[in-house]
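Welcome! Try each task before you read its solution.

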Amino acid sequence: MPTHRATEYLNGLTDHLDAVAVEQPARPSGNSEVSQVNDETQAVYRAARLVDQPLEWLVVEDFGTRGLTGDVNANGANEPGNNFWGFFRQIGISTKGEDAAGSWGLGKWVFPDASQINAFLALTKRPGESESLLMGLAILKTHEKDGRRYPAYGHYAASDPTVDSEWFQLPMRSSDSSLFITAAADDFRLKRADRSGLSVIIPYPNGDLTPASLARAVITQYFLPIMLGRLEVTIEHPDEDDRVIDAEHIEEELEWIGPSERDEESEESMRGLLALAGWAIDVGDEERIRIALPRNKEIEPSSGTAEFDLEQLRQRFQAGERLAFELRCSVQERSDSAPTESRCHVFLERAEELPQGHDYFVRGNLSIPEMDHLLGHKARALLLVEGSSKLGHLLRDSEGPAHIKWDPQAARVKENWMQGARQRVYDIRRAPLRIVQALVERPVERQLDALADLFPADIASPRVAANRSNSNSASSGASPTPPGALPSPVRLSRTSGGFRLLPNDRYPVSVVDSSWRVRFAYALARGSKNRAFAQFEQGVKDDSPDFSVRDGIKVEIQGCQAQTTADNAFEVSIDEDAFSVSVTGFDANRDVLVEVDQIQESSLVVNDDLDEVE
């Protein structure tokens, strides 16, 4: 769009961009905090210069939807069900019901974030109304202009004769500004017409928003509703052929989305996923293997179903047959008087053609991308949870604003659900891994728990079980770990003035979601490990500890969370496969004893009052 025509839609914003970026900032320094501030200021400066150029734009339109319903004049502290209020007037408050995909009121942030000038316009048509509404939002920084202080948020709104201090931003209505809204629909080639829904106009979109990148995002994040016929997406660009992504064409589009940095989103991997999902959609109830998720380690066939033969399932899996599981469990909200039975479904297959396995998780129509526990197995798994079920509500509460993972430690899980809900989130996240672990054919010496290890209590169950079984043995000199047992999931390395906890590359299974207790003390010239820890504890009682994690000992974490439990101890919850915990600050002339134990998932208790290690 020519610059002179774009001025009508940027009217008022350019002055504020100039006010934020009065002069070009200095180049970023080596200080990370200063660099971040400078980067943000440079982005604003670039945006201020960008508006002098012809306007490029991206439009996102939906059809078959209701648009931004609700009273446009409402602006209370909370307006449940008022989608117009939630979209334009509030940040961090969701107006959606509990069956919806999002829940944080932050999903709309993708629109200003997609714009290089952090702004967007939105035209909505609501059912039963003859007129359309147009409004916009820009998000800059708090700034001064003409001696007046302005907030970060500014609206593109209808003019108002009242003074600025009393101006309540309202949308333009086609009944009042029909020529302007008609011209805007023509300028941005909107296809809304009389159909209800929402059209979002993103000025100066980020350069990485190409047709191919949009197609990749649509396919990888919404493959299930597309294959079910619930969603159809058309991507248009003046220099390319239209892309139609629906149940009929989704596999064809895989040829055009290009290579991916994520192995699970490669063309080969996605083709396998779509094939598995297509099979899962058509699988009959009689083909599902029903399992009741228990409170303990033992596996129980669901009531009213025949017992399954684990060895037969192993043979079917090894032969390349796809398997379907229905997992039943009970969950209870704090507002409910009794638990409610809920369920999810796991579909899996061997995938020898892949360099590493992958598991995919979908709640309702929404893919939850950053959970992948099958990397150590040549298998592909798809776990589906109905969004409207109680289990779907629990998992929704375990998600953060980005909806990328199920976090058992999420605050809303504790706030909204009864005891045991956190363990249930762990159970569901790791269900595909535990099923695959039970189905993978292993040497006899490693089949330590037989059926009970279908859902083991901890990641290193073969090693732990071996240590348990040998603890009462009278044999002298026998190795506590039988031949063929798994190596330790984590390892320690010595560093200057301390130590580091790292993943063990030789351990074949992801350790994400496992928790570990780390304790340390100075070694004694004479005496056992227990005596060394006892002496440290005595020093704490005497108010003269050798050292303290709370003061002096530095703990740096990456890919995990840590909570201090004592002056010489903390607990680590692992979030990513590539994690590290570095502990430094010890006396370089003394040896340090370090004790690392895995916390059993079934007995995990989190103390939310503990200080977080920084």
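**Exercise 1: two helices**

Helices α7 and α9 lie roughly parallel to each other (an angle under 35 degrees). This is a predicted model, where local features need pLDDT of at least 70, side-chain atom pairs count only at pLDDT 80 or more, and totals for chains, interfaces and linings use all residues. Residues are numbered from 1 along each chain as its sequence is written, and side-chain values use heavy atoms, leaving out hydrogens and water.

Task: find at what angle the axes of α7 and α9 cross, and which residues make the contact.

Step 1. Locate α7 at residues 211–227 and α9 at residues 267–282; helices are DSSP runs of H or I with at least four residues, and strands are runs of E with at least two.

Step 2. Their axes (lines fitted to C-alpha atoms over the stretch in contact, with angles from 0 to 180 degrees between N-to-C directions) come within 10 Å and cross at roughly 25 degrees.

Step 3. From α7 come Ile219, Thr220, Phe223 and Met227, and from α9 come Met270, Leu273, Leu274, Ala277, Gly278 and Ile281; contact means heavy atoms within 4.5 Å.

**Exercise 2: a hairpin**

Task: work out how β9 and β10 pair.

Step 1. Find β9 at residues 233–237 and β10 at residues 240–245.

Step 2. The two strands pair in the antiparallel sense over 4 bridges; pairing takes at least two DSSP bridges.

Step 3. A hairpin through 2 residues joins β9 to β10, and Val233 faces Ile245 of β10 across the pair.

Terms used
Angles under 35 degrees count as roughly parallel, over 145 as roughly antiparallel, 65 to 115 as roughly perpendicular and the rest as oblique.
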